[in-house]
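Here are my notes on the model you sent over. Keep the viewer open as you go through the points.

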Amino acid sequence: MRTYQDLDAVQNDPAAKAAFVQSFIGEHVSSAPYKIAEDADRYDRQQNSGIDRFLDAMADIDIKLRNIRQKSPRPDTVKSNSFQRLNVQRVSYSLTNGITLPGAEASKAALGESFDEQLYRLGYLACIHGESFGFWNADHLDIFKLTNFAPLYDEKDGTLRAGIYFWRLQPEKPMHAVLYEESGFTRYKEECGTFRMDGVQQPYKTKTTTTPHGGAESVEGEGYGLLPIVPLWGNRNHQSTLVNLKGYIDNIDLIVNGFCDDLRECAQIYWLVSNYGGMDDTALKNFLQKLRYNHIASVDNAGNNGGDVQPYTQEVPTQAREALLQRLHNSMYEDFGGLDVHCVSASSTNDHLEAAYQPLDENARDFENQVTKFVRKILKIAGLTDTKPQYTHVRISNTAEQVNMVLSEAEIIGSDLAIDLLPNLTPEQKEQAKGALAAESQERETIDDDIDAALGEKTAAELSHEAN
C-alpha cells in the first residue's frame with residue numbers, strides 16, 4: 001500500500017494527483033483489509049459465506065468426478081448469528097450508556113447530542129472491520145467505514161495524514177470521491193473512466209468578518225492545523241474480530257448443516273434390493289419413487305433366485321457432533337472474551353457473576369483503551385478540554401443479594417446513601433423515598449419536642465408545689 005509521501009510527491013500536479021486518487025482507491029478495494037471488511041459485513045448480516053463456499057466447492061468436485069453437467073439445487077443453509085451477537089455484546093457493554101468526561105461537562109455538551117450514538121456505531125464498525133474513522137465536521141462527528149474510506153498513513157510515524165472517501169450509487173453510475181488533507185478537502189468525479197477535479201480545494205471551516213453595520217466584510221477559510229479524521233481501532237492487534245471468530249462460526253455452520261443433510265439423505269430408512277442386478281440407475285430411481293409415494297412394491301420372488309426387497313433403519317450419529325458443537329461454542333466465547341449467559345442462572349451469586357464477567361472485562365479494557373485514544377484526539381481537534389473518558393458498563397447482577405447487603409449496612413452508611421445504592425429503584429423513586437424519610441424524621445422531631453415541652457411543664461409544676 002502506498003503512503004502519504006506518495007500523495008505529497010504529486011501535490012503540484014493536479015492531473016497526476018487525480019490519477020493518484022483513482023488508482024489508490026482501486027488499490028484499497030483490492031487490499032486484504034478491505035476484503036476482510038466486506039466478509040465481516042456479510043457475517044454481520046447473518047449471510048455467512050464460509051459454509052456456502054465450502055458446499056459450492058464440494059459441488060464442483062462432485063460435478064468433475066461424476067461428469068455432471070449442472071449443479072443440483074440445494075436448500076438454503078442454516079447460518080449462525082454468533083458474529084453479530086458477540087460484537088454487539090462487546091460494544092454495548094462499554095458504550096450503550098455513552099461516555100462521561102469528568103470535570104469537562106462543557107466539552108461533552110460541545111461534542112453534540114448525537115456523539116454517544118455515533119461513537120457506538122463507530123466502535124462497532126471498528127470491531128467488525130478492524131478499523132473505522134471519525135470525521136470531526138465542525139460541530140458533530142461523522143462516520144467513515146473502511147469499505148468506503150481509503151486511509152493514507154505517514155510512513156515515518158504511522159499517523160493518518162490524508163484519506164479518500166469514495167462512493168458509487170449504482171454499478172453503471174460514475175464514482176465520486178473526496179480527498180481529505182490537512183489543508184482542506186477536494187472533490188473528484190469520474191468522467192469517461194478518468195478522475196477529474198470537481199472544483200477547487202475547500203476549507204474545513206470558514207471565518208466571516210462583519211462590518212459594524214452587520215454586513216459581511218470578508219470570508220476566510222481555515223483548518224484545524226491537522227487532519228480532522230481520526231482512526232479508531234477495534235483492538236490492539238488492529239484486526240477484525242472476524243479473524244478470531246470465522247473458524248468457529250464456519251465449523252458450527254458445517255456441523256449443523258451436516259445434521260440437516262444426514263436427515264434428508266438418510267431419512268432413517270433405506271432399501272436393499274436383491275437379484276435386480278439388471279436394473280440401471282433410472283430404473284432404481286423409479287423403483288424408489290414408487291416405494292416412497294405408494295408404500296408398496298411388486299416383487300417377483302419365483303424360483304431359487306427370486307427377487308427381494310428389505311427395508312433397513314439407520315440411526316443418524318449425533319453424540320460426537322453434539323459434543324463438538326458444545327466444545328466449539330464454549331471455546332468461541334472463551335477465546336473471544338464474551339459472557340455466555342448459559343453459564344449463569346437466576347440463583348447465581350454476585351461473586352459467581354463477577355467471575356463470569358471477568359473475560360468480558362479484560363477484553364473491554366483493550367477496546368476502551370482504543371476508544372479513549374480516539375476521544376482525546378477528537379477533543380484536541382475540536383479545541384475542547386482534554387480529559388480521559390469514563391465508561392458505564394452494562395451488567396446483570398443478583399438484585400436481591402445487593403438489596404439485602406445495602407439494607408444490612410444502612411445503619412452504618414446512613415439512610416440517604418443506602419437509598420442511592422439500591423439497584424431496584426429508579427432515580428425518581430429514590431428521591432420519593434428520601435422525601436418520605438425526611439418527612440417522617442421531621443414529624444418524629446416535632447412529636448419529641450412536644451413531649452419534651454410537656455415534661456418540662458410538669459417538672460416545673462412539681463418543683464413549685466414542693467416549694468409551697
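1. A definition before we start: two strands pair if DSSP finds at least two bridges between them. By that rule, strand E2 (residues 131–136) and E11 pair in the antiparallel sense over 5 bridges. Helices (H or I, at least four residues) and strands (E, at least two) are DSSP runs, numbered from the N terminus.

2. A word on what we're looking at. This is a predicted model, where local features need pLDDT of at least 70, side-chain atom pairs count only at pLDDT 80 or more, and totals for chains, interfaces and linings use all residues. Residues are numbered from 1 along each chain as its sequence is written, and side-chain values use heavy atoms, with hydrogens and water left out.

3. Now the overview. The protein chain has 15 helices and 14 strands. Of its 468 residues, 35% count as buried (buried means under 20% relative accessible area, exposed over 50%, partly exposed in between, with a 1.4 Å probe and protein chains only). Take the contacts (heavy atoms within 4.5 Å) between residues at least 6 apart in sequence: 60% of them join residues at least 24 apart.

4. Back to E2 and its partners. The order E3-E2-E11 describes an open sheet of 3 strands with antiparallel pairing. Its edges are strand E3 (141–144) and strand E11 (229–233), each of which pairs on one side only. On average, neighbouring strands of this sheet are turned by 30 degrees against each other, direction ignored (axes are lines fitted to C-alpha atoms, for helices over the stretch in contact, and angles run from 0 to 180 degrees between N-to-C directions).

5. Next, have a look at strand E6 (residues 176–181). Is E6 largely enclosed or largely open? It is largely enclosed by the rest of the structure, because 5 of its 6 residues are buried. Strand E5 (residues 160–167) pairs with E6 in the antiparallel sense over 5 bridges, and Gly 163 has Tyr 180 in E6 as its bridge partner. E6 also pairs with strand E7 (residues 184–191), again antiparallel, over 6 bridges, and a hairpin of 2 residues joins E6 to E7.

6. With a relative accessible area of 3%, Thr 186 is buried. Not counting residues up to four places away in sequence, Thr 186 touches several residues, including Val 178, Met 197 and Gln 201.

7. Over to the helices: Phe 83 is in helix H5 (residues 82–95), and at 1% relative accessible area it is buried. Leaving aside neighbours within four places in sequence, Phe 83 is in contact with residues that include Tyr 43, Ile 128 and Leu 245. Phe 83 and Lys 246 are 163 residues apart in sequence, yet 8.3 Å apart in space, C-alpha to C-alpha.

8. Last, the surface. Helix H4 (residues 49–66) holds Met 58, which counts as partly exposed at 43% relative accessibility.
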